[in-house]
Amino acid sequence: MNEMRSPDLSLVEAQSETPEAYVKVKDLEVRFVSREATVKAVNGVSFELKKGEVLCVIGESGSGKSVMMRSLLQLHAKKRTRMTGEMRVGEHDIMKVTEKQMSELRGSTISMIFQEPMTALDPLYTIGDQIAETVMRHERVDRDAGWKRALELLELVRVPSPERRLKAYPHELSGGLRQRAMIAVALSCRPSLLLADEPTTALDASVQIQVLVLLRKLQREMGMSMIFVTHDLGVAAQIADKVAVMYAGRIIEYGNARDVLMHPEHPYTRAMLSSTIKDQDRSAPLDTIAGTPPDLRALPDGCSFAPRCKYAGPECLAAMPDPISDGRGHMARCSKVRVMGGLLMFDEAMARPSTDLLSA
Amino acid sequence: MTDVIETTGSSPDPRATDTRDRGGPAQPMLIVENIKKYFPIRAGLLNKKVAEVKAVDDISFYVLKGETLGIVGESGCGKSTLARLLMYLIDKDEGHLILDGDPVGEKTGTSLDGLRRSLQMVFQDSYSSLNPRLPIENSIAYGPKVQGATAKSAKEQARALLEKVGLKADRFGQRYPHELSGGQKQRVNIARALALDPRLLILDEAVSALDKSVEAQVLNLLGELKEQLNLTYIFISHDLHVVKYISDRVLVMYLGQVVEIGPVDKIYENPLHPYTQALLACRLSMDPDERVDSAPLAGDPPNPVNPPSGCRFHTRCPFAEEVCMSKAPSLGDALRADASEHLAACHMVHAGSGHSKAPNPDTRQLPLWQQGEMR
Amino acid sequence: MTDIPAGSLPVDKSQSVPSTKVRGYWGSVWNRLRYDYVTLFCMALIAAIVLAAIFAPWLSPMDPEKSSMANRLRPIGHAKFGLGTDEQGRDMISRLLWGGRVSLLMGIVPVFFATLIGGAFGIIAGYYGGKVNMVIMRTMDVFFAFPSVLLAVAIAGSLGGGIGNQMITLTVVLIPPLCRVAETATAQVRSLDFVDAARASGASTYSIITSHVLINVLSPVLVYSSTLVSISIILASGLSFLGLGVSPPTADWGLMLSTLRQSIYVQPLVAALPGVCILITSIAFNLVSDGLRQAMDVKA
């Protein structure tokens, strides 16, 4: 039905320590400067992603997850943004590419889908036009070839009656179809890395699960790497191979989906899981994470989660804890986490009893 | 105010002393009878009506005092339109509202003004739910001022309400909406809704836009307020987990109609309508080992402009048969049924409907699928 | 989760508040404006022009209407007449200062009244929608059908000359565009949730409009009005140029342009002076309105 093949693997060879890593981010820091204040949106993020792997970045508002992902495509306004650190996708050094090279990469090697298809799709052009245009620009083929590809792509993303839909405008389609159209545009040039910024948050549950199933299927077929930003743990469980949990611009827990979601060790991850509403007893109040996330304009020293953490001690306020990893690649940044018996564990013995017991 | 539940051991039961109560505990707080709203679609030079969006099509239900009725449905089901109809923000085409025994808007009974004082709405936290040019104190004080309070007393009320919803009045009173986080704005929305001392709150996707941990905080707050102020809630949401936690009874809407209604545990453990079953199957597990490979419900929620004939769900229903295409199933008498009854608008539930899986009217046997066998 | 002993620090359960100062809407507008040097400069320039016009009687060196045929068309830089003289020997500096009064009046007063009237109609049309909207906006459309200059000429022609009539003409011409801007802004605000919340509290339409709609509609209307000032000045000059405004010997920039037209080969720089004044004033107002729009447009 289509000519999708796995992308050319010769693009993968990168000059990184781990030969298999397709995406390598090291010590990424992103600051937004204005006259009034400097917002420290991302404060030292490092991770690696293999080819064909799906990483889900989980975090709440203000965690820096969207900012971090958009940095990979250099989508921030140059004037106000200061980025330091290292970012590599395949053989491309994102920190050093020119704007021209970057615009070549966008849409072809690295592609992105967004939360609101209505704003991501141009309302003045038909779906077919938009997909064909991307194909024509990046692969330098003529209009007929572009439209043929557009039809294939709509079939790939399971849009019913694709010939008719090609000629439709975005506002004529339902939310789910628009989201699929946006996915078709993003996949039109066979990207090796797909970035997704909460693409299913605005969708109904029944459509959300269709889109997630579709995305995983396409990702497997095309061998794409994928970075998926979400605040919904259920979404992460559905599609992630690896999960990164972000708080105040840092990854505070990282690992295989099963390790992080079923055996979380960082207090924030645990609190997030227990405060997510799923079959809790109705008669009791829900567990919550007390307080509010820190102001990124005035980040205090030490662990950013400490002010809201039940187990915080003075050592947590002194400095941000270093990452600690076990053999399985499960990492957490918490002063009370250590590796015991080869596995990452939250160490009860390290948490001292409190003199001021406030239970949530 | 923290997220801690205060023990109410010594304070009197608010329900017993509510002076606003007129009908007594057995009288439903709100009875909605045969509500209909069709939106015309006009086209052509003379703006003639060419089609209708059957947004809300003959809906009836009641809400008991002190309960939380959850309303679930997807886009296009009409739940937001229903909320606005109940609030009289848009005019209904047909139907009646009875508030605590008094008909609304008719010659006898409660006036529109009276409705406003009893029934308020908490909107979804969006950029448009609060006036961006007013400090939040003023937004909250507006309602009381409109109803006759002096500026000073309205402001005091507003500040007291801010404290009640967990925001320090000194710190937050003069702030503008854009300075607040999503959860904080929602607390302000709740405070604004409470400013007129209502008895029934309609919460239209009130926590849907919030982060999960903030959602939990706000839900706890709503629970506390319900106890303290003797409130009744209608909780509209598309999030099935939240509806399960907060509701006593649940109403499921599809394409402008009620397809299922009943106590929350019965609906979640034994959904009768195939749509409800599919919807519940779309909930995502947090266990990566429980991933699904195929979606339980195919296609998109259809457009309410030209709903399918007969049962509106038959085009997507795995159990659809001839009778489903020709005859629309009835929910049953939702107004006369007891609150503990579980009703569904499906031919498979009603004996003698003509569906192969319907129970046999003679033997009174439960159909196989209703005995716990679900998709 | 096992019962792990809590840490030794108290948990901060409070709702945090942003670290920025409390600053109202106008406060944040000023905060943005004060770094916009172009706009600030133009605002100062306008202030200077307005002050010069107000104090014209004291600032102008000579009587602007005193003509002297012996001193016709003196060039710029003349010992006695700093910016030269016009074709009737009148001092240009004095005439420009006094002319500025008329031109500025023509710019600001019609816009002021058009904003009040057009704005009111637009808000009513935008809020009520339906038939009310149709009646008001279609009426405005009739006026819109005419190009503004032609419309101004037609109305001025029928009303006659004079400052008062000119102001009425310009006001009528400016009402439809202001009405449209106000209507669009109001219709947008009307659809927002907080207006529904205000309706749900039982507020009267008047109360909702004054408390909620007006403050939100004010900024787009204000910005648009400021662009109209320069248009109004130019239209007024055009009307005067055509003889439909003030009558000679009153100083007025547009009229001066008209009478100096024949002298353009004799003293081109002097003949251009009134045009330069119109240009500078219009550009200043335009740039200020641009700056205002940028400062007021942002949500925060």
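In strand β5 of chain A, A:Asp93 is the bridge partner of A:Arg88, where helices (H or I, at least four residues) and strands (E, at least two) are DSSP runs numbered from the N terminus. Strand β4 (residues 81–89) of chain A and β5(A) run antiparallel and are joined by two bridges, and two strands are said to pair if DSSP finds at least two bridges between them. Both belong to an open sheet of four strands in chain A, with the order β2-β1-β4-β5 and antiparallel pairing. Because β2 (38–50) and β5 (92–93) of chain A each have a single partner strand, they stand at the edges, and one side of each is left without a neighbour in the sheet.

This is a predicted model, in which local features need pLDDT of at least 70 and side-chain atom pairs count only at pLDDT 80 or more, whereas totals for chains, interfaces and linings use all residues. Residues are numbered from 1 along each chain as its sequence is written, while chains are lettered from A and ligands numbered from 1 in the order in which they are written.

Elsewhere in chain A, strand β7 (residues 193–197) is mostly covered, with five of its five residues buried; a residue is buried if 20 or more other C-beta atoms lie within 10 Å of its own, exposed if 12 or fewer, and partly exposed in between, the C-beta atoms being placed from the backbone. On one side of β7(A) the buried residues are A:Leu193, A:Leu195 and A:Asp197, and on the other they are A:Leu194 and A:Ala196, so that both faces are covered. Strand β6 (residues 110–113) of chain A pairs with β7(A) in the parallel sense over four bridges, and A:Ala196 in β7(A) has A:Ile113 opposite. Strand β8 (residues 225–230) of chain A also runs parallel to β7(A), to which five bridges join it, and there A:Ile227 is the bridge partner of A:Leu195.

A:Gly146 lies in helix α5 (residues 143–156) of chain A, and it counts as buried because it has 20 C-beta neighbours inside 10 Å. Apart from neighbours within four places in sequence, A:Gly146 is in contact with A:Ala132, A:Val135, A:Met136 and A:Val141, contact meaning that the C-beta atoms of two residues, placed from the backbone, lie within 7 Å.

The largest nonpolar core has 278 residues, and those with the most contacts inside it are A:Cys56, A:Ala236, A:Val243, A:Val245 and B:Ile234. Such a core is a set of buried Ala, Val, Leu, Ile, Met, Phe, Trp, Tyr and Cys residues joined through C-beta atoms within 7 Å. Helix α9 (residues 205–241) of chain C gives the most to this core, with 15 residues. Beyond four places in sequence, the contacts of A:Val243 include A:Cys56, A:Ala236 and A:Leu261.

Between chains A and B, 39 residues of chain A are in contact with 37 residues of chain B. On the side of chain A that touches chain B, α8(A) gives the most, with six residues, and by class this side has 19 nonpolar, 14 polar and six charged residues. In this classification Ala, Val, Leu, Ile, Met, Phe, Trp, Tyr, Cys and Pro count as nonpolar, Asp, Glu, Lys and Arg as charged, and the others, Gly among them, as polar. Helix α10 (residues 274–281) of chain B is mostly covered, seven of its eight residues being buried, and what covers these buried residues includes α8 of chain A together with α8 (240–246), β9 (249–254), β10 (257–263) and α9 (264–269) of chain B.

The contact between chains B and C takes 31 residues from chain B and 24 residues from chain C. Helix α3(B) gives the most to the side of chain B that touches chain C, with three residues, and this side has eleven nonpolar, twelve polar and eight charged residues. Helix α8 (residues 193–200) of chain C is mostly covered, with six of its eight residues buried. Those buried residues pack against α2 (112–118), β6 (119–122), α3 (136–146) and α6 (182–194) of chain B, together with α7 and α9 of chain C. After α8(C) comes C:Gly202, whose phi is positive, near 85°.
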